[in-house]
Amino acid sequence: MEIISYRLYTVPLFCLLFLGHFVSGQLDFNFYDYSCPNLTGIVRNGVASAVAKETRMAASLLRLHFHDCFVNGCDASILLDESSAFKGEKNALPNRNSARGFEVIDAIKADVEKACPSTVSCADILTLAVREAIYLVGGPFWPVPMGRRDGLTANETAANEQLPTPIEPLENITAKFTSKGLTLNDVVVLSGAHTIGFAQCFTFKSRLFNFDNTGNPDPNLDASLLQSLQQICPNQADSNTNLAPLDSVTTNKFDNVYYRNLVNNSGLLQSDQALMGDNRTAPMVMLYNRLPYLFATAFRSSIVKMGCIGVLTGHDGEIRKNCRVVN
């Protein structure tokens, strides 16, 4: 019982403190208790169906949430199709041909609209769907504060500029996180989400054949992993979109093995392995590698904190009827 109390009270307090600094309104853990009491069940069923069909979808939904929150805040702007009024974020370089899960959110939104018309925002549905997806694949469970409203526009330029990329130096990535009110610890913790999901070969292929333009592989990459990746991603253009698991040990399970991989020089992305090459972040990696419960607790806090970035509340924004278009 003491553990449950810790989960239910420390995370909400943290989020409320964060909200106080970054938004004018306030999210509420009981926001839909009366207006849409079956919301959690509807979202849970929709996510369970999608993950049962494709386990990878859990990681895809998490990435969608991350890429949404880092551009214009957590306002479901990434879900908007391009229109005559704006260029959508779906075609920004970090999202093009890689962001996925839109159909899953569409289906859940349709079910929610049947039960509670014009009541629940797409931003809240996406945020709640991520919690359900992570829990389904073995990750922690956390209370989700709700009351977000949907944005009225999208910003392709901001997506290109503000989303971290796997080839950036850690310093650049950290700067992008801190600009959103997150910390270096949040960088390490949220990077731990790479315990699930896949990456396209082009995002790390230089490590396999021409690291830093040396004509050789990354000398820090584990030799057996290197050999395996070179088979998945041969040094030719038509392998660029092939997929490799971010965590080749427990690919479909949300756990702390990601950190063990980094300790063993088996991080897939250059940006991930860089966490072991920095004297500020390496101790954090070692800590989360040794203590899985600590990682789970830290992830709950960081993901809630991320879900509070730049949210629209009160009378700002709108409640979309269709997540792809402004009303």
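Biologist: Is Asn213 buried, partly exposed or exposed?
Modeller: This is a predicted model, in which Asn213 is found in the loop between α9 (206-209) and α10 (223-232). Its phi is near 60°, a positive value in a residue other than glycine. The relative accessible area of Asn213 is 71%. Exposed means over 50%, so Asn213 is exposed.

Biologist: Is Asn265 buried, partly exposed or exposed?
Modeller: Asn265 sits in the loop between α11 (257-263) and α12 (270-273), and its phi, too, is near 60°. Its relative accessibility is 33%. Buried needs a value under 20% and exposed one over 50%, so Asn265 counts as partly exposed.

Biologist: Is Gly73 buried or exposed?
Modeller: Gly73 is in the loop between α3 (57-69) and α4 (102-115). Leaving aside neighbours within four places in sequence, Gly73 is in contact with Asp68, Ile309 and Gly310. Its relative accessible area is 5%. The limit for buried is under 20%, so Gly73 is buried.

Biologist: How many Å apart in space are Gly73 and Ala244?
Modeller: Along the sequence, 171 residues separate Gly73 and Ala244. From C-alpha to C-alpha, the distance between Gly73 and Ala244 is 29 Å.

Biologist: Which residues does Phe299 contact, leaving aside its neighbours within four places in sequence?
Modeller: Phe299 is among the residues with the most contacts inside the largest nonpolar core. With neighbours within four places set aside, its contacts are Leu62, Pro140, Trp142, Val189, Leu190, Ala193 and Phe254.

Biologist: How many residues are in the second, separate core?
Modeller: This core includes Cys201, Leu208, Leu229 and Cys233. Its residue count is 13.

Biologist: What accessible area do Leu287, Leu291 and Leu294 have together?
Modeller: Leu291 lies in the loop between α13 (282-290) and α14 (292-306). It is partly exposed, with a relative accessible area of 41%. Leu287, Leu291 and Leu294 form a nonpolar patch on the surface, and their accessible area together is about 210 Å².

Biologist: Over residues 1-12, how many contacts does the model have beyond near neighbours in sequence?
Modeller: The protein chain averages a pLDDT of 92, but over residues 1-12 the pLDDT is below 50. Where pLDDT is low, predicted coordinates should not be read in detail. Beyond near neighbours in sequence, the number of contacts for residues 1-12 in the model is 13.

Terms used: Residues are numbered from 1 along each chain as its sequence is written. This is a predicted model: local features need pLDDT of at least 70, side-chain atom pairs count only at pLDDT 80 or more; totals for chains, interfaces and linings use all residues. Side-chain values use heavy atoms; hydrogens and water are left out. A nonpolar core is a set of buried Ala, Val, Leu, Ile, Met, Phe, Trp, Tyr and Cys residues joined through side-chain atoms within 4.5 Å. Buried means under 20% relative accessible area, exposed over 50%, partly exposed in between (1.4 Å probe, protein chains only). Contact means heavy atoms within 4.5 Å. Helices (H or I, at least four residues) and strands (E, at least two) are DSSP runs, numbered from the N terminus. Patches are made of residues with over 30% relative accessible area and no salt bridge: like charges are joined within 9 Å, nonpolar side chains (Val, Leu, Ile, Met, Phe, Trp, Tyr) within 5 Å. Accessible areas come from the Shrake-Rupley method with a 1.4 Å probe; for residues, only the protein chains shown count as cover. A salt bridge is a side-chain nitrogen of Lys or Arg within 4 Å of a carboxyl oxygen of Asp or Glu. pLDDT is the predictor's confidence in each residue, from 0 to 100.
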